[in-house]
Every structure is written in C-alpha cells, then in structure tokens.
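Try each task before you read its solution.

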Amino acid sequence: MSPTASVIRAEYCVIACAEAWRDNGEVLASPMGVIPSIGARLAKRTFSPDLLLTDGEAMLVGLDGTPEGWLPYRRHLAMVTGGRRHVMMGASQIDRFGNQNISCIGDWARPTRQLLGVRGAPVNTLNNPTSYWIPKHSPRVFVEHVDMVCGVGYDRAAAAGPTATRFHRIPRVVTDLAVLDFATPDHAMRLASMHPGVTLDQVRAATGFELTVPDEVPYTRAPTPGELRLIREVVDPKGLREREVPESGVGTGGRKREAPGVGVGRGGLDREAPGAGEAGR
C-alpha cells in the first residue's frame, strides 16, 4: 500500500452527497441509494451531528444503526410536509429547472417504458428540500423536457404559486461527473463543481441542454484524512460505494488524484455499515 492513498471517484461522490446536508440542523435525512446513504452517515459523524437517521421504516437510529427511538407514521408525515426532511432521490430524467421523472419514458398515456411510477416525488419536492443523486450522468437523464413530471422543478413550482414554493428547494444534484445546483436568477441548472479528472467538455457532452457555467468551475472538494478514514473503515468498510461508481468505468477522465496529506488505508473491517442501503420512505 502506498503511504499516500488515492481518492477514488466514488469517494468524491460521497463527499458531494454529504455536503447536501451541511448546516441542515435537526432534520430527517432520507438518502436513497448507496452513496447518498454513506454521505448522510458521514455528514452526521462530522459536520451535521444533529441529523436524524432512520432504518428506512419506523425507527430513528444512531451512528451504529442501533434504534434510538420510534418514528410514528403520523410524525413522519408531519416532518415530510413541514419542511423538516431533506431527501436525496434518484432521477430517470431531469431537466434544466429540476423537474424529475421516475415514472415512464415516452407519452404517459402509452409509454415506451414503464418505470417506478410517480410514488412520493410530488410530495417530497413540494414539502421538503429534495436533492438528487444520479450515478451515471448522460444525455438520456439530463434532458430538455422530462416525459412526465414527478418531482416538481423550480419553474412549475413558481407557476403554481406560494403554496407550492413555501418549502420547495432543490439544493443540489450530484452525479458521477459533477455537482450541479440552481443558484441562478431563473433557477436554471448550474455547474457548481466537477470531480477531479473530469473536463468541462465531458460534462457538456453528457448533458442534453445548455448548462449555466460560471467563468471558473472549481473541483469538488476532497475528503479530509479523517473523513476518508471514516468512509473506508467505519461507514463503508466493504466498499459498496465502488459498486455504484466503479473506478474501472469512469474512463480516461476519471484518473485517480492524490489527496494531499492523506495516508489512510482501505481498512480491514468486515462488517457492513448499518443501513447503507436505506431507501427512506
């Protein structure tokens, strides 16, 4: 093992997801997907200690996955509809204003492909902050217009008026290439950072609409040595993050980059992080 450990793409993605919950305070974190779940647990162990984590069903859990309390469904709904939850969902399609589709491809009346269905996306997006995790950034996902609106974007929320915008917020979209947000005057999607090894041309080629790109685009921050140790030895010792964003699949643009001052091994623990696959409710 080299004395300096390389930070892989999946670990930049974990950090980018964790940052979605920074300064959120005491809210219910509902991560959907492996890397968002690792990110939420990392955030609670470091810079967002007040986050509430669940087992995906009815229990509030601690850092080790041990139940700490019961979350009645009525209480859960109150948190969901009152802005006290921050969910990170997936998207089969997403457009420049953050409208999301997980229901179908093609005309909804006669789709060419049936997907998950609308599920809780409208309630999530209109009633509490909703971020997105997309493990493969491509023009098939980032589209000019979604085929069906499930999660509500900024343009449609604004058109619906104050009752729709009261709790509506899309803090960030994290992909295997970059971090995107909506920090523009018209809330059109903006490139906030690129993961090290990714080029602007790659991001543009993988996006099916014109992104807002600032004059200078920073790289997604690297994990600190302490964060890297937690990711590898405590939160995800089995390396599940690499299954979602495999290093062999990132191409020439995904070269490993040395993290200055990081000298942490992969860790020899063989236990799985509690709730790493939590899907929320």
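Rings of Phe, Tyr and Trp (its six-membered ring) pair if their centres lie within 6.5 Å; planes under 30 degrees apart count as stacked, over 60 as edge-to-face and the rest as tilted. This is a predicted model, so local features need pLDDT of at least 70, side-chain atom pairs count only at pLDDT 80 or more, and totals for chains, interfaces and linings use all residues. Residues are numbered from 1 along each chain as its sequence is written, and side-chain values use heavy atoms, with hydrogens and water left out.

**Exercise 1.** Count the aromatic pairs and classify the one formed by F142 and F209.

*Solution.* The rule gives 2 aromatic pairs. For F142 and F209, the centres are 6.5 Å apart and the planes make 45 degrees, which puts the pair in the tilted class.

F142 lies in the loop between β11 (130-134) and α5 (154-160), F209 in the loop between α7 (200-205) and α8 (225-235), and 67 residues separate them.

**Exercise 2.** Is C17 buried or exposed, and what does C17 touch?

*Solution.* Start with the cut-offs: buried is under 20% relative accessible area, exposed over 50%, partly exposed in between (1.4 Å probe, protein chains only). C17 has 0% relative accessibility, so C17 is buried. Its place is in helix α1 (residues 9-18).

Now the contacts (heavy atoms within 4.5 Å): leaving out residues up to four places away in sequence, C17 touches I35, P36, M88, W133 and V174.

Note on methods. Helices (H or I, at least four residues) and strands (E, at least two) are DSSP runs, numbered from the N terminus.
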